[in-house]
Structure formats: C-alpha cells, structure tokens
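Subject: Structure handover

Hello,

Here is the structure you were waiting for. My notes on it follow below.

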Amino acid sequence: MAACARNTKARGLNDIKSVPSPCISVCRVDADSGWCDGCLRTLDEIAAWGGLDNAARLDVWRTLNQRAVRRVRALTTPSDEKP
C-alpha cells in the first residue's frame with residue numbers, strides 16, 4: 001500500500017483517470033481497529049470509494065500509509081515498551 005501511494009506521488013499521477021483501489025480481496029474488519037485486515041480502510045471509506053474523486057482517493061491512500069506504519073510499529077514494539 002505504502003509503495004503504491006509513494007509511486008503515485010513520485011510519478012505525478014494526480015491526473016490519471018482513476019486512482020487504483022487498495023483492495024486486495026482480504027475482506028475482514030478488525031473489531032478493535034475498525035480497519036479491513038486487507039486494505040486498512042474503514043467500512044465508511046470502502047463504501048465511499050466509488051464516489052470519490054482522484055484527490056480524495058489519494059487522501060485515502062495517504063491515510064492508509066499512516067495506518068500501515070502504525071500497524072507495523074504496533075506489531076514490532078515489545079509489549080513492555082508500549083504506552
């Protein structure tokens with residue numbers, strides 16, 4: 001996900017016809033976070049995707065990148081170091 005968002009920004013694809021969906025067909029929502037285990041979107045973000053313009057879709061990708069970083073940090077930080 002993060003790589004796609006970076007590539008989109010790096011290549012200046014704000015003007016492409018359609019920003020690709022982050023869906024990877026692993027559709028399970030984590031009860032604690034409210035995020036899909038596959039794409040990290042919320043149910044509201046998933047439902048809204050079809051009606052979003054490219055700018056809003058890129059904003060979702062940026063949000064997903066931030067969530068991915070938070071998830072990795074949570075998974076790699078020993079439990080005794082977590083706040």
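Arg62 is partly exposed, because its relative accessibility is 41% (buried means under 20% relative accessible area, exposed over 50%, partly exposed in between, with a 1.4 Å probe and protein chains only). Its side chain meets that of Asp59 in a salt bridge, at 2.7 Å from N to O; the term stands for a side-chain nitrogen of Lys or Arg within 4 Å of a carboxyl oxygen of Asp or Glu. Asp59 is partly exposed as well, at 43% relative accessibility. Both Asp59 and Arg62 belong to helix H3, where 3 residues, about one turn of the helix, separate them.

Before the rest, a word on the source: this is a predicted model, in which local features need pLDDT of at least 70 and side-chain atom pairs count only at pLDDT 80 or more, while totals for chains, interfaces and linings use all residues. Residues are numbered from 1 along each chain as its sequence is written, and side-chain values use heavy atoms, with hydrogens and water left out.

Overall layout

The protein chain has 3 helices and 0 strands, in the order α-α-α along the sequence. Helices (H or I, at least four residues) and strands (E, at least two) are DSSP runs, numbered from the N terminus. Of the 83 residues in the protein chain, 27% are buried. Among contacts with a separation of 6 or more, 51% are between residues 24 or more positions apart, where contact means heavy atoms within 4.5 Å. The protein chain exposes about 5,700 Å², and carbon and sulfur atoms supply 52% of that area; accessible areas come from the Shrake-Rupley method with a 1.4 Å probe, and for residues only the protein chains shown count as cover.

Salt bridges

The structure holds 4 salt bridges. Arg28, Asp37 and Arg71 are linked in a network of them. Within it, Asp37 pairs with Arg28 at 3.5 Å, N to O, and with Arg71 at 3.9 Å, N to O. As for accessibility, Arg28 is exposed at 52%, whereas Asp37 is partly exposed at 29% and Arg71 is partly exposed at 24%.

Cysteines

How many disulfides does a search of the whole structure find? The count is 0, with a disulfide taken as a pair of cysteine sulfur atoms within 2.5 Å. For Cys27, the nearest cysteine sulfur is that of Cys23, 4.4 Å away. Cys27 is exposed, at 62% relative accessibility. Cys39 is buried, with 3% relative accessibility.

Cys36 lies in the loop between H1 and H2 and is buried, at 3% relative accessibility. Leaving out residues up to four places away in sequence, Cys36 touches Val26, Cys27, Arg28, Val29, Arg41, Ile46 and Arg71. Its C-alpha atom is 9.2 Å from that of Cys23, which is 13 residues away along the chain.

Core and surface

The largest nonpolar core has 9 residues: Val19, Trp35, Leu40, Trp49, Leu58, Val60, Trp61, Leu64 and Ala68. Such a core is a set of buried Ala, Val, Leu, Ile, Met, Phe, Trp, Tyr and Cys residues joined through side-chain atoms within 4.5 Å. In soluble globular proteins, nonpolar side chains tend to be buried together. Beyond its neighbours within four places in sequence, Trp35 has contacts that include Leu40, Arg67, Arg70 and Arg71.

Val29, Leu43 and Ile46 form a nonpolar patch on the surface, with about 250 Å² of accessible area together. Patches are made of residues with over 30% relative accessible area and no salt bridge: like charges are joined within 9 Å, nonpolar side chains (Val, Leu, Ile, Met, Phe, Trp, Tyr) within 5 Å.

Leu43 is in helix H2 (residues 43-48) and is exposed, at 55% relative accessibility. Glu45 is also placed in helix H2, but Glu45 is buried, with a relative accessible area of 17%. Setting aside neighbours within four places in sequence, Glu45 is in contact with Leu40, Thr63, Leu64 and Arg67.

Regards
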